[in-house]
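Me: Hi! Could you walk me through this structure?

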Amino acid sequence: MTIALNDKMPSGQLQELKDGEMINHATDELFANKKVVLFAVPGAFTPTCSAAHLPGYVVNADEFKAKGVDLIACVSVNDTFVMNAWGAAQNAEHIAMLADGDGSYTKALGLEMETGAFGGLRSQRYAMVIENGTVTLLHVEKPKEFEVSKAEAVLAAL
(Lines give C-alpha, C1' and ligand atoms only; values in the text may rest on other atoms or scores of the structure.)
Protein backbone atom coordinates (compact mmCIF):
# COMPACT_ATOMS: atom_id res chain seq x y z
CA MET A 1 0.00 0.00 0.00
CA THR A 2 1.34 3.45 -0.90
CA ILE A 3 1.71 6.19 1.71
CA ALA A 4 -1.01 8.84 1.38
CA LEU A 5 -1.84 12.30 2.58
CA ASN A 6 -2.51 12.41 6.35
CA ASP A 7 -0.84 9.02 6.89
CA LYS A 8 1.66 8.56 9.70
CA MET A 9 5.14 7.80 8.39
CA PRO A 10 6.15 4.16 8.88
CA SER A 11 8.85 3.23 11.35
CA GLY A 12 12.19 2.33 9.82
CA GLN A 13 15.87 3.11 9.58
CA LEU A 14 17.81 5.40 7.26
CA GLN A 15 21.56 5.93 7.31
CA GLU A 16 23.70 9.03 6.95
CA LEU A 17 27.45 9.54 6.88
CA LYS A 18 28.22 12.80 8.64
CA ASP A 19 31.69 14.03 9.57
CA GLY A 20 33.05 10.53 8.96
CA GLU A 21 30.56 8.94 11.35
CA MET A 22 27.86 6.49 10.32
CA ILE A 23 24.51 7.52 11.82
CA ASN A 24 21.48 5.23 11.90
CA HIS A 25 18.36 7.36 12.03
CA ALA A 26 15.18 5.88 13.44
CA THR A 27 12.53 7.55 11.29
CA ASP A 28 10.17 7.92 14.26
CA GLU A 29 12.76 10.22 15.84
CA LEU A 30 13.90 11.82 12.60
CA PHE A 31 10.38 13.05 11.74
CA ALA A 32 9.11 13.75 15.28
CA ASN A 33 8.27 17.28 16.43
CA LYS A 34 9.44 19.00 13.26
CA LYS A 35 8.50 20.00 9.75
CA VAL A 36 10.48 17.97 7.22
CA VAL A 37 10.72 18.12 3.45
CA LEU A 38 11.70 14.67 2.24
CA PHE A 39 12.41 14.10 -1.43
CA ALA A 40 13.51 10.93 -3.15
CA VAL A 41 15.45 10.24 -6.30
CA PRO A 42 15.88 7.04 -8.32
CA GLY A 43 19.66 7.25 -7.97
CA ALA A 44 22.52 9.42 -6.85
CA PHE A 45 24.69 10.85 -9.64
CA THR A 46 21.99 10.17 -12.26
CA PRO A 47 21.24 12.88 -14.86
CA THR A 48 17.98 14.52 -13.72
CA CYS A 49 18.79 13.94 -10.06
CA SER A 50 22.20 15.64 -10.33
CA ALA A 51 21.32 18.35 -12.84
CA ALA A 52 18.02 19.52 -11.37
CA HIS A 53 16.40 17.65 -8.48
CA LEU A 54 19.02 17.90 -5.71
CA PRO A 55 20.38 21.29 -6.93
CA GLY A 56 16.90 22.83 -6.63
CA TYR A 57 16.77 21.96 -2.94
CA VAL A 58 20.36 23.13 -2.38
CA VAL A 59 19.67 26.53 -3.99
CA ASN A 60 16.34 26.99 -2.18
CA ALA A 61 17.37 25.71 1.27
CA ASP A 62 17.09 29.18 2.84
CA GLU A 63 13.60 29.66 1.41
CA PHE A 64 12.48 26.34 2.90
CA LYS A 65 13.90 27.35 6.28
CA ALA A 66 12.08 30.71 6.01
CA LYS A 67 8.82 28.77 5.53
CA GLY A 68 9.34 26.89 8.79
CA VAL A 69 11.02 23.74 7.47
CA ASP A 70 13.32 22.25 10.12
CA LEU A 71 14.93 19.57 7.96
CA ILE A 72 15.40 19.01 4.24
CA ALA A 73 16.31 15.42 3.46
CA CYS A 74 17.11 13.54 0.27
CA VAL A 75 16.69 9.76 0.24
CA SER A 76 17.76 7.23 -2.33
CA VAL A 77 18.21 3.48 -2.58
CA ASN A 78 21.99 3.88 -2.56
CA ASP A 79 24.57 3.20 0.12
CA THR A 80 25.66 5.79 2.65
CA PHE A 81 29.05 6.37 1.04
CA VAL A 82 27.49 7.14 -2.35
CA MET A 83 24.95 9.52 -0.78
CA ASN A 84 27.72 11.29 1.14
CA ALA A 85 29.93 11.67 -1.95
CA TRP A 86 27.00 12.91 -4.02
CA GLY A 87 26.07 15.47 -1.36
CA ALA A 88 29.67 16.70 -1.24
CA ALA A 89 29.82 16.96 -5.04
CA GLN A 90 26.58 18.99 -5.04
CA ASN A 91 27.46 21.31 -2.12
CA ALA A 92 24.46 19.92 -0.24
CA GLU A 93 25.71 20.69 3.26
CA HIS A 94 22.22 21.89 4.31
CA ILE A 95 20.52 18.71 3.07
CA ALA A 96 20.48 15.43 5.03
CA MET A 97 21.66 12.85 2.48
CA LEU A 98 19.92 9.68 3.63
CA ALA A 99 20.65 6.18 2.39
CA ASP A 100 18.05 3.44 2.13
CA GLY A 101 20.63 0.88 1.07
CA ASP A 102 18.35 -2.15 0.91
CA GLY A 103 15.25 -0.22 -0.14
CA SER A 104 13.30 -1.38 2.92
CA TYR A 105 12.06 2.09 3.85
CA THR A 106 11.13 2.87 0.26
CA LYS A 107 9.14 -0.39 0.22
CA ALA A 108 7.47 0.53 3.53
CA LEU A 109 6.31 3.76 1.85
CA GLY A 110 5.04 1.78 -1.16
CA LEU A 111 7.07 4.03 -3.45
CA GLU A 112 9.51 1.51 -4.88
CA MET A 113 9.95 0.68 -8.53
CA GLU A 114 11.82 -2.10 -10.29
CA THR A 115 14.27 -0.78 -12.88
CA GLY A 116 15.80 -4.05 -14.06
CA ALA A 117 19.34 -3.69 -15.37
CA PHE A 118 19.44 0.04 -14.50
CA GLY A 119 19.83 -0.71 -10.82
CA GLY A 120 17.11 -3.10 -9.72
CA LEU A 121 14.96 -1.84 -6.88
CA ARG A 122 14.87 1.97 -6.78
CA SER A 123 12.65 4.71 -5.42
CA GLN A 124 10.08 6.54 -7.42
CA ARG A 125 10.78 10.26 -7.66
CA TYR A 126 8.70 12.15 -5.08
CA ALA A 127 8.64 14.94 -2.53
CA MET A 128 6.62 15.14 0.65
CA VAL A 129 6.18 17.38 3.64
CA ILE A 130 6.02 15.62 6.99
CA GLU A 131 4.78 17.45 10.06
CA ASN A 132 5.38 15.68 13.37
CA GLY A 133 5.50 12.32 11.60
CA THR A 134 2.38 12.85 9.45
CA VAL A 135 2.35 13.41 5.68
CA THR A 136 0.83 16.82 4.94
CA LEU A 137 1.91 17.09 1.28
CA LEU A 138 2.73 14.32 -1.17
CA HIS A 139 3.86 14.82 -4.76
CA VAL A 140 4.75 11.60 -6.63
CA GLU A 141 6.06 11.96 -10.17
CA LYS A 142 4.64 10.05 -13.09
CA PRO A 143 7.29 7.83 -14.74
CA LYS A 144 9.97 9.79 -16.61
CA GLU A 145 8.59 13.16 -15.46
CA PHE A 146 10.08 15.85 -13.25
CA GLU A 147 7.50 18.48 -12.33
CA VAL A 148 5.70 18.01 -9.01
CA SER A 149 8.65 16.95 -6.83
CA LYS A 150 11.02 19.77 -7.75
CA ALA A 151 11.92 22.26 -5.03
CA GLU A 152 10.02 25.10 -6.65
CA ALA A 153 6.76 23.09 -6.74
CA VAL A 154 7.07 22.14 -3.08
CA LEU A 155 7.90 25.72 -2.09
CA ALA A 156 4.83 26.96 -3.96
CA ALA A 157 2.66 24.47 -2.07
CA LEU A 158 3.96 25.45 1.39
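Reply: Happy to! This is a predicted model, where local features need pLDDT of at least 70, side-chain atom pairs count only at pLDDT 80 or more, and totals for chains, interfaces and linings use all residues. Residues are numbered from 1 along each chain as its sequence is written, and side-chain values use heavy atoms, with hydrogens and water left out.

Me: Which residues point which way from β4?

Reply: Leu71, Ala73 and Val75 point one way, while Ile72, Cys74 and Ser76 point the other way.

Me: And how many bridges join β4 to β5?

Reply: Four, and the two strands run parallel. Cys74 stands opposite Met97 in β5. Strand β3 (residues 35-40) also pairs with β4 in the parallel sense, over five bridges; pairing takes at least two DSSP bridges between two strands.

Me: New topic: what volume does the second largest pocket have?

Reply: About 280 Å³. Of its 17 lining residues, the closest to the centre are Glu16, Lys18, Ala92, Glu93 and Ile95. A pocket is an open set of points on a 1 Å grid over the protein atoms alone, where a 1.4 Å probe fits, with protein on both sides within 12 Å along at least five of seven lines; lining residues have an atom within 4 Å of a point. The volume is the space filled by probe spheres set on the points, which are joined across faces, edges and corners.

Methods: Buried < 20%, exposed > 50% of the residue type's maximum accessible area, 1.4 Å probe, protein only.
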